[in-house]
Amino acid sequence: MQDEKVRSLEILEAEQIKYIENIIEKNYGTVFDLNRFLVLKTCEEKIWIASRDMADVDFSKLAANSVGLYFGKLKRNNKINLSTEGCQMVGKNATKNVVIVDKESAAKFLKGEDVFPTEAANCESQNFVILKCNEDFLGSSLFVDGKIKNILPKSRRMF
Amino acid sequence: MLDKYEKIFGEITSPSKSIWHVRANTIKMAAKDLENLLAEIGTVERMDYQEGFWVKTETNLSKTAEHLLGYFFLQNASSMLPPLALEPKLGEKILDMCASPGAKTTQMAAMMDNKGVIIANDVTYKRLKALRGNLQRCGVSNTIVTKMRGENFSNSGLKFEKILLDAPCSGTGTMNPRILSQTSSNTVRMFSGLQKRLLESAANCLSDDGVLVYSTCSMEPEENEENVDFAVRNFGLKTEKINLNSNKVVMEWHGKKFSEDVANAVRIMPAEKNEGFFICRMRK
């Protein structure tokens, strides 16, 4: 018996993938090629990426609980809240909406606290930003009035 | 229990609790970069397996940002060996029948460069939660997580080129005093029966010429050599040599002589830098 979430997964066509790539480009200033993955979407607008080789698997024979890697969630006004892994993939070449934090703020952020960036050039208020500390991409959060409002899931926090 | 093992295998050293066993998650970070990072907080020794490290440090590595960000997996040195014995390749379709918490699944995904497909199966939601969390943390995108009883997996009708059956076991190879004191002959019998059912299911899921790697972290011949003997005799599997430094396996137990095929299996004995493990590679 397949999990309900998996049953609701829709495999996206080229046009739908392009739509998400455009959202990434608009928000993070980089072209991110999603076509190398099988891209799936739940009814809650959550985006999952998976190996293209999965296209040959007969899912009906499996009690599938999840498929691939959670990439991010589409939001209103053509925005996207990337997962930590999504941030790590997109962040490498992102030119917009990347905030820089120091080590101390990075530690606080990973514990779930709101923090202030040391640098926030080219960042839009009320948008999702990628947090970067040195070479590490820590995850995504909301940038509001110069402050990083922490929306890191509890499962990705450090205790 | 320790006395019993020493009678069979000779003197046994328990694994050190002050050494961290770390595997670089090469999906996110090169082994060399991780080595440099770890060297800043402790003494690092690279394992023969180039992506594994022993680290002596006061820092709790499980509570570091680098662990949270998925740069490495904390996994005993012995537990890194079954995926090496299976040799997963890019583009292959692999079943990891008892996958949680995902140490070997994430290792195989890295070896496959996130290509191909791994079906990572386990039996309870609690175990799947841990598995899914680790797959996500490590950036694994070539895995489908399934919740099925391993014994019934063959009912799916799916066939695989390679299968890893890292079977639920008594865990006596860890030399954990609590486990050693709680493991009775009934416990061993219970696991041995379950493992045989899992082996049957795995053998049925294997495509012709497919490879099955069976492993446990148990010291018990009933959970290891006896089960390989069972698989060879009942499912037409042939064992294959594994290129690992190891100790000899048990060829006779409680008056029963095992098939010559069992000699290809390997036993990793518990030592300061590793837990006890049993690994056997079989082909259909």
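Guide: Start where two chains join. Strand S4 (residues 64-67) of chain A pairs with strand S7 (143-147) of chain B. The pairing is antiparallel and covers three bridges. Strands count as paired if DSSP finds at least two bridges between them. Helices (H or I, at least four residues) and strands (E, at least two) are DSSP runs, numbered from the N terminus. One pair to find is A:Ala64, with B:Thr146 of S7(B) opposite.

The model is predicted: local features need pLDDT of at least 70, side-chain atom pairs count only at pLDDT 80 or more, and totals for chains, interfaces and linings use all residues. Residues are numbered from 1 along each chain as its sequence is written, while chains are lettered from A and ligands numbered from 1 in the order in which they are written.

Now step back to the contact between the chains. Here 26 residues of chain A meet 27 residues of chain B. Contact means C-beta atoms, placed from the backbone, within 7 Å. On the chain B side, S7(B) supplies at least two residues. So do helix H3 (65-68), strand S6 (117-122) and helix H6 (125-137) of chain B. By class, this side of chain B holds 11 nonpolar, 11 polar and five charged residues.

Follow S7(B) into its own chain. S7(B) runs parallel to S6(B), and five bridges join the two strands. Look for B:Ile118, which stands opposite B:Thr143 in S7(B). S6(B), H6(B) and S7(B) together make a β-α-β unit, and the unit is right-handed. That means the path from the first strand over the helix to the second runs clockwise, with the strands pointing away from the viewer.

S6(B) has a further parallel partner: strand S5 (residues 93-96) of chain B, joined to S6(B) by four bridges. The chain passes from S5(B) to S6(B) through helix H5 (residues 103-111) of chain B. This β-α-β crossover is right-handed.

How many residues of S6(B) are buried? Six of the six are, so S6(B) is largely enclosed by the rest of the structure. Buried means 20 or more other C-beta atoms within 10 Å of the residue's own. Both faces of S6(B) are covered. One side has B:Val117, B:Ile119 and B:Asn121; the other has B:Ile118, B:Ala120 and B:Asp122. In a regular strand, side chains alternate between the two faces of the sheet.

Eight of the eight residues of helix H3 (residues 84-91) of chain A are buried, so H3(A) is largely enclosed by the rest of the structure. Among them are A:Cys87, A:Met89 and A:Val90, along with A:Glu85 and A:Gln88.

What does chain A have as a sheet? Four strands form an open sheet in the order S7-S8-S9-S10, with mixed pairing. Strand S9 (residues 136-144) of chain A runs antiparallel to S10(A), and three bridges join them. There, A:Leu142 has A:Lys149 in S10(A) as its bridge partner. H3(A) packs on this sheet and touches S7, S8 (127-133) and S9 of chain A. The direction of H3(A) makes about 100° with that of S9(A). Such angles run from 0 to 180 degrees between N-to-C directions, with axes fitted to C-alpha atoms, for helices over the stretch in contact.

Notes
A residue is buried if 20 or more other C-beta atoms lie within 10 Å of its own, exposed if 12 or fewer, and partly exposed in between; C-beta atoms are placed from the backbone. Two residues are in contact if their C-beta atoms, placed from the backbone, lie within 7 Å. Ala, Val, Leu, Ile, Met, Phe, Trp, Tyr, Cys and Pro count as nonpolar, Asp, Glu, Lys and Arg as charged, and the others, Gly among them, as polar.
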